[in-house]
Amino acid sequence: MIMPLHSEFDSIEALSQALAARRVSARELARSALDAAESRADLNVFLHKDDALTLAQADAADRLLAQGLGTRLTGVPLAHKDVFATQGWRTTAASKMLAQYTSPFDATVVERLRQAGAVSLGKLNCDEFAMGSGSRNSAFGPVHNPWDPDVIPGGSSGGSASAVAAGLVMAATGTDTGGSVRQPAALCGVSGIKPTYGTVSRFGMVAFGSSLDQAGPIARHARDLLELVDTMSGFDPRDATSLEACDGVANAPGRIRSGFDTARGQYEQGGSQPLQGLRIGVPAEYFADGLAADVSRAVEAALKTFESLGARRVDISLPRTELAIPAYYVIAPAEASSNLARYDGVRYGHRAQNYGDLIEMTSRSRAEGFGPEVQRRIMVGTYVLSHGYYDAYYLQAQRVRRMIVDDFQAAFDGRCDVIMGPVTPTVAWPMDSNQESPTADWLADIYTLGVSLAGLPAMSIPCGFSDGKRPLPIGLQVIGNYFKEGQLLAVADCFQQETDWHQRKPGQQ
Amino acid sequence: MEWEIVIGLETHTQLTTASKIFSDSSTRFGAAPNTQANEIDMALPGSLPVMNRTAVERAIQFGLAVGATIAPRSIFARKNYFYPDLPKNYQITQYEIPVVQGGNIRFFVGEQEHTVNLTRAHLEEDAGKSLHEHFTGPHGESSTGIDLNRTGIPLLEIVSEPEMHSAAEAVAYARALHGLVTWLGICDGNMQEGSFRMDANVSVRPKGQREFGTRSETKNLNSFRFLERAIQYEVRRQIELIEDGGKVVQETRLYDSDLDETRSMRSKEDAHDYRYFPDPDLPPLVIAGDWVERVKAAMPELPAHKRARFEQELGLTGYDAAQLTVDRDTSDYFEQTAAALPRGQAKLAANWVLGELSAHLNRHEIDIAQSPVKPQALAALIGRIIDGTISNKMARDVFAALCEGEHGGDPDAVIEARGLRQISDTGAISTMIDEVLAANAATVDEYRAGKQKAFNSLVGQVMKAAKGKANPQQVNELLKQKLG
């Protein structure tokens, strides 16, 4: 593999300083990153690359830097999950349905990062329409995990996590509907954050489950995540579910950074016990049957580390944890069945070659254009919204969702400040597993779905490795109350000052 | 058997907003196909709807005008069905909780006042248009085109209770509703362009039966005449069907104006399962009290209020007041006319507007706003009746001349030119009477002998001498004096 130039820098901050000092140019970084990406075609992370587009962005970044107008992201090479609309690069959502589609506009997230001067290397592979937990449901082939090509990288943002873990980009954007940022970050040994629902604009994100979809970055560590998520977030008048304010603070870049700085300042005063007073809620339900021993051990060890930093462990209960699975797999498909109705072969996207009438044109186009998992969810969603089933499924799921929200609030109301637990029940599973039982993967989402249903912010940070010949990464989930992204990142940063799991790289163990 | 007809109307009114309900595309009518459709209207991946606040304000205005409840929190839902001119393949509409709830419409059928209650009025987006006729594909083959300019045009669907019992009543209701929405300026009322379209739910039941009969829904009626004909046809069809031992089936029908009949479009069995659910892209529509107050403060005087004022302040009858407030142009015309007249003469103005003027306008199918006789001219003409310059009869002739545009619409110029000025000069009339009395001694004798008819004959002679222009009242009085 060709090592990209940016791999010499431990953080975006360090890279940014080098760029500002003109010790390295955005163009050099982009060129080497493009070459490195080419050399790791085996991972199948990039769906669309365009050297000319990337280099043009790099040149623009260099011009800004030369004028002293750069931000901390100017010239930093990253890439976008292929569910973000981009002008220039195709936007396919890893689906045959959109194989040839190019968007006439940029997603707000893409626009904000571009305006900050970040340089995009292209679009990253993922599960088709972000539906899946293994990045196997891509019309363009599966993504491979850099720790072991025979296991999944997680999903749906598997291309993003894999690209960061392989060092191909400093950071990548992802989206999280039921764990799609946190789970691949965990399985690839990198860090990811899903901010509070409504803080990052969904405009330009190919919709899956609109009430759940939230964009979030994946990077090596909390400090790099801060650089991205703070820039990505902010009120957007083009998204009616985007928030103007978060607990009285304007939803704008700077909000999360200020939360981080406040918490960081507080921790720095604590000396060897920076997290003195921090109450960590540990839900019993997250450690019940089904959690693999090595994952449990790594998470427990991480909790010990937090205790050694002064935090206090508090046992809590999230009694509706298991119910999150059926609730999520009713609500998300229901919304998806409607969101994906627009792909009908009429205006854009795949259209069948042979058809008799209009109905046949639409049904054949959809049957040919959508992969099996997408079709499965569309059918489930259509069913649960149907006359006579709506109350029993959709409304019931919404009631459960409400209860899950209440459970989290009960925990945050006086019991604890953050909640910690595993991200996944096991480490990354083999690429060829669960093929005969397509819903088996759904059960593995148990620890991430509740957070999504509640709209809370949550992170995944590396906390260890599995046993065996080919150790695989394990993630720790850190869940905060609404709008506490800054605090979460500071807590994670504290841990990452103390541990080096996030610095481990595949092939260098 | 005697039958009772039950009619409920659903009316789609296109709201007057510059941009669409969920996007900033223009709503201008008549643009080249697909030139007013952006990424939201075309349902491109990643596009999201954003509520147009003006459309909400239009709905609030309507709700206030019909005395409805403005829901403090209403919900947008998705109505899911596949159709090529519906780009998202779902329509955003209000389902369970609409923005306007209740209210009523008052109107006259003949001289009889009616009130029809409204169930609700809700905001929704229009679909695009499929162009089936005269459309050829890229290879010259006959094909179907799709124009998305209409996609996302804001609609307020106004649903009445099933409380109307004749086609005439339904038409009167629809006219009153049309008058109201155009009065408020929330809809341009242009029926040819589809700005105001009606669906008629019609059923029949034996007189006295409590349960409703099975209804049919005739869709997309875009004129009052079609509404009337479609209802009449449906009523006839349903009664004949039942009397022949058949059963009415619940179905959607279309009215064919060429054949003057309705035809089945789809039955209940084929009805879509729309799978309504709250649209997760749009938060609940929250309308705070102060927003309603701001909208209220900016509203024009409502027809109901104006009508009451015409009755109380101007002494008009309820019927006249209702006729004069049927739409804003009529009431504006009347008020401008009345304002130019001395106090207490509003009744005369009402008679002219509802009588001579509306007869002329109806005859020539002219809107009152385009009346050839402007309010100032009509007031000047009425003023000449009041001051005795011309008689009522003469005024009608002058009015006819004004309608033809004679003398630049100036009534005085017409009166002058036609020599219609009434002789009100006592001296002149007196001289004429003296001459008539001298020439008709025999008649004078008859009168004095007690023959009342002789007096009328003498008046006739005087008027003849005056070529009809003498003030009749003065002639009467002077003649009586002289014969004394």
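A nonpolar core is a set of buried Ala, Val, Leu, Ile, Met, Phe, Trp, Tyr and Cys residues joined through C-beta atoms within 7 Å. In this predicted model, the largest such core has 224 residues. Chain B is more spread out than a compact globule.

**Nonpolar cores**
- Val169(A), Val478(A), Ala170(B) and Tyr173(B) have the most contacts inside the largest core.
- Helix H2 of chain B, residues 167–184, gives this core its largest share, 12 residues.
- A second, separate core has 34 residues, including Phe310(B), Trp352(B), Val353(B) and Leu357(B).
- In soluble globular proteins, nonpolar side chains tend to be buried together.

**Chain B overall**
- Chain B has 15 helices and 17 strands.
- The radius of gyration of chain B is 30 Å, while the globule rule gives 23 Å for 484 residues, so the chain is more spread out than a compact globule.
- Along the principal axes, the C-alpha atoms of chain B fill a box of roughly 100 × 55 × 55 Å.
- Of the 484 residues in chain B, 41% are buried.
- Take the contacts in chain B between residues at least 6 apart in sequence: 68% join residues at least 24 apart.

**A helix pair in chain B**
- Helix H12 (residues 426–439) and helix H14 (residues 452–465) of chain B have axes that come within 9 Å and cross at roughly 125 degrees.
- H12(B) and H14(B) are therefore oblique to each other.
- Their crossing is right-handed.
- H12(B) makes the contact through Met432(B), Ile433(B), Glu435(B) and Val436(B).
- H14(B) contributes Leu458(B), Gln461(B), Val462(B) and Ala465(B).

How values were computed: Residues are numbered from 1 along each chain as its sequence is written. Chains are lettered from A and ligands numbered from 1 in the order in which they are written. This is a predicted model: local features need pLDDT of at least 70, side-chain atom pairs count only at pLDDT 80 or more; totals for chains, interfaces and linings use all residues. A residue is buried if 20 or more other C-beta atoms lie within 10 Å of its own, exposed if 12 or fewer, and partly exposed in between; C-beta atoms are placed from the backbone. Helices (H or I, at least four residues) and strands (E, at least two) are DSSP runs, numbered from the N terminus. The radius of gyration is taken over C-alpha atoms; the globule rule is 2.2 Å times the number of residues to the power 0.38. Two residues are in contact if their C-beta atoms, placed from the backbone, lie within 7 Å. Axes are lines fitted to C-alpha atoms, for helices over the stretch in contact, and angles run from 0 to 180 degrees between N-to-C directions. Angles under 35 degrees count as roughly parallel, over 145 as roughly antiparallel, 65 to 115 as roughly perpendicular and the rest as oblique. A crossing is left-handed if the near helix is turned anticlockwise from the far one by less than a right angle, and right-handed if clockwise.
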